[in-house]
Amino acid sequence: MNKQVESDRIVIFDTTLRDGEQCPGATLNVDEKLLIARQLARLGVDVIEAGFAIASPGDFEAVQKVAQAVGTEDGPVICSLARAIKADIKAAAEAIKPAAKARIHTFISTSDIHLEYQLKKSRAEVLAIAQEMVAYAKSFVEDVEFSTMDATRTDPEYLYQILELAIAAGATTINIPDTVGYTTPSEFGALIRGIKENVPNIDQAIISVHGHNDIGLAVANFLEAVKNGARQLECAINGIGERAGNTALEEVVMALHVRRQYFNSFLGRPAESEEPLTNIDTHQIYKTSRLVSNLTGMLVQPNKAIVGANAFAHESGIHQDGILKNKLTYEIMDAQSIGLTDNQIVLGKHSGRNAFRTRLTELGFELSETELNKAFLRFKELADKKKDVTDWDLEAIVNDEIQQTPELFHLDLVQVSCGDKSRPTATVTLRTPTGEELIDAAIGTGPVDAVYKAINRVVNVPNELIEFSVQSVTAGIDAIGEVTIRLRYDDRVFSGHAANTDIIVASAQAYVNALNRLYRALQNAESSSNSESQRRQEKVTN
Ligand code: KIV
Ligand code: ZN
């Protein structure tokens with residue numbers, strides 16, 4: 001029997017890098033995926049779904065690199081998604097090979113509506129494919145997960161049948177996705193209970209759930225699933241993912257943490273047990289959320305549960321009065337439990353390299369010597385402009401420094417002239433990897449518009465700016481401004497992020513950051529179409 005099945009602990013499967021990355025504009029490059037994967041490992045997730053290996057050479061490389069770097073013996077299981085197709089499963093198996101603990105996650109649709117219109121296959125045909133493909137995946141790895149896509153709109157009797165066959169063929173985890181975010185908590189709970197009661201070999205596999213938040217019920221659905229026997233939860237940081245997103249990891253984990261005594265009995269534990277229900281180090285939640293938001297350009301709404309800027313802010317007089325008398329009056333969890341510090345002033349312009357390094361280590365950043373040097377220079381520049389450098393400032397500059405996409409264009413200079421009686425004018429200098437300097441100037445409706453027009457004249461890739469936001473990292477006139485932008489090219493969305501005390505400079509850097517991603521994607525598309533035509537050419541000549 002699968003050891004995990006007997007566990008009274010909830011397995012956290014993170015799909016930020018796969019389903020999460022599927023939302024428009026959240027595209028991440030390989031280095032960014034690695035940064036997130038490392039942080040997910042620090043967060044303590046049990047399984048990282050690192051991508052969909054067959055989807056593109058970039059996806060394959062990302063899964064492989066995550067498997068190499070993060071898939072250590074004591075690290076998380078590294079998983080790749082694969083349709084129930086031999087080529088997909090083979091690519092997944094190849095990509096996850098470097099991981100000490102590797103999983104293939106294969107799926108097929110099971111609802112009649114998907115069978116009729118999408119797969120154009122009968123129920124019997126899908127049963128046979130599922131059985132054969134799970135067995136095929138099993139020929140590569142011991143750890144095989146099988147998903148029944150659109151499970152919540154599937155005839156339960158058919159679902160029981162296909163799950164039984166998949167387990168018999170070797171699936172160690174069976175996943176029940178609410179693909180279209182359609183189910184409700186009691187209905188989902190009943191479905192999981194039905195599976196437990198009607199699939200004869202269910203004790204040989206762990207029951208997993210995967211949810212989407214289309215009607216805002218994803219977390220509630222998961223909690224009900226746990227009460228009825230689900231022991232693996234598939235979620236994404238900040239709830240990013242297809243359409244309305246996936247179940248938010250931080251929300252479901254903190255629900256299980258804050259209310260662990262309520263959930264204990266459903267996991268066969270003594271009611272008063274304080275033992276955590278998951279392996280997650282909750283103190284890493286806030287940092288992980290910020291990293292994912294910065295890299296994907298998907299902003300977190302201020303009132304978002306757990307990680308929103310207002311999640312721990314008490315505004316009303318009555319609440320503040322209660323909190324001052326006793327925190328427990330209005331606080332069900334401590335901000336520090338998700339890693340939010342008190343934002344103390346820790347460093348200033350006289351702080352040295354050692355103090356800087358020590359504080360970063362305390363904050364959980366592991367920087368290489370080069371990264372540390374670059375970040376220290378940024379810190380010194382900041383400390384010259386800003387008297388008190390807080391933990392949040394440090395986090396912003398370090399993230400900004402280590403998260404930059406490999407640069408094609410580097411912003412060397414940005415200069416603007418504006419005011420109520422002048423026409424906003426900007427001059428920019430960009431440097432290419434060969435050292436060539438490209439200079440141009442433009443007039444705009446405002447300083448940012450002028451800067452963007454000048455950059456566009458240099459880069460010359462037509463695009464549409466669809467989102468622009470500035471947030472201040474701390475309070476005060478000298479605060480660092482973080483700029484996040486999203487732009488559209490054809491039907492694709494690219495994001496950019498930068499932090500600086502000068503918001504015009506941050507705006508320019510964020511724009512160049514997004515254009516670098518766009519440019520990189522164009523280059524990748526060009527090189528894969530070249531190798532495709534070379535392959536065709538070779539086929540013709542062979
Ligand atoms: O939503 C879904 O059904 C999925 C599967 C691939 C698990 O993402
Ligand atoms: Zn999904």
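Leaving aside neighbours within four places in sequence, methionine 254 is in contact with Arg259, Thr282, Ile285, Ile306, Met333, Ser337 and Ile338. The model in which these contacts are found is a predicted one. Methionine 254 lies in helix α9, which covers residues 249-258. The relative accessible area of methionine 254 is 1%, and the residue is therefore classed as buried, since buried means under 20% relative accessible area. Between methionine 254 and asparagine 264, which stand 10 residues apart along the chain, the separation of the C-alpha atoms is 14 Å.

One of the contacts of methionine 254, Ile285, also takes part in the packing of two helices, α1 and α11. Helix α1 is formed by residues 30-43 and helix α11 by residues 285-296; their axes are 10 Å apart, and the packing angle is about 165 degrees. Angles over 145 degrees count as roughly antiparallel, and α1 and α11 are therefore described as roughly antiparallel to each other. Their crossing is left-handed. On the side of α1, the contact is made by Glu32, Leu35, Ile36, Gln39, Leu40 and Leu43. On the side of α11, Ile285, Lys287, Thr288, Leu291, Val292 and Leu295 take part. By class, the residues of this contact comprise 8 nonpolar, 2 polar and 2 charged.

A second pair of helices is formed by α2 (residues 57-70) and α3 (residues 86-96). The axes of α2 and α3 come within 7 Å and cross at roughly 35 degrees. From α2, the residues Phe60, Val63, Gln64 and Ala67 meet Ala91, Glu94, Ala95 and Ile96 of α3. The contact of α2 with α3 contains 6 nonpolar, 1 polar and 1 charged residues.

Helix α3 also holds aspartate 88. With a relative accessibility of 1%, aspartate 88 counts as buried. When residues up to four places away in sequence are not counted, aspartate 88 touches Phe52, Ile54, Ala82 and Arg83.

Another buried residue is leucine 163, whose relative accessible area is 0%. Leucine 163 is part of helix α6, which runs over residues 156-169. Residues up to four places away in sequence again being set aside, leucine 163 touches Phe146, Thr148, Ile174, Ile176, Ile195 and Val199. Threonine 173 is 10 residues from leucine 163 in sequence, and the distance between them in space is 9.9 Å, taken from C-alpha to C-alpha.

The model also contains an open sheet of 3 strands, arranged in the order β14-β15-β16 with antiparallel pairing. The edge strands are β14, at residues 464-472, and β16, at residues 492-500, and each of these pairs on one side only. From one strand to the next, the twist averages 15 degrees. Strand β15, at residues 481-489, pairs with β16 in the antiparallel sense, and this pairing extends over 9 bridges. Within β16, arginine 492 is the bridge partner of tyrosine 489.

Conventions. Residues are numbered from 1 along each chain as its sequence is written. Chains are lettered from A and ligands numbered from 1 in the order in which they are written. This is a predicted model: local features need pLDDT of at least 70, side-chain atom pairs count only at pLDDT 80 or more; totals for chains, interfaces and linings use all residues. Side-chain values use heavy atoms; hydrogens and water are left out. Axes are lines fitted to C-alpha atoms, for helices over the stretch in contact, and angles run from 0 to 180 degrees between N-to-C directions. Helices (H or I, at least four residues) and strands (E, at least two) are DSSP runs, numbered from the N terminus. Angles under 35 degrees count as roughly parallel, over 145 as roughly antiparallel, 65 to 115 as roughly perpendicular and the rest as oblique. A crossing is left-handed if the near helix is turned anticlockwise from the far one by less than a right angle, and right-handed if clockwise. Contact means heavy atoms within 4.5 Å. Ala, Val, Leu, Ile, Met, Phe, Trp, Tyr, Cys and Pro count as nonpolar, Asp, Glu, Lys and Arg as charged, and the others, Gly among them, as polar. Two strands pair if DSSP finds at least two bridges between them. Buried means under 20% relative accessible area, exposed over 50%, partly exposed in between (1.4 Å probe, protein chains only).
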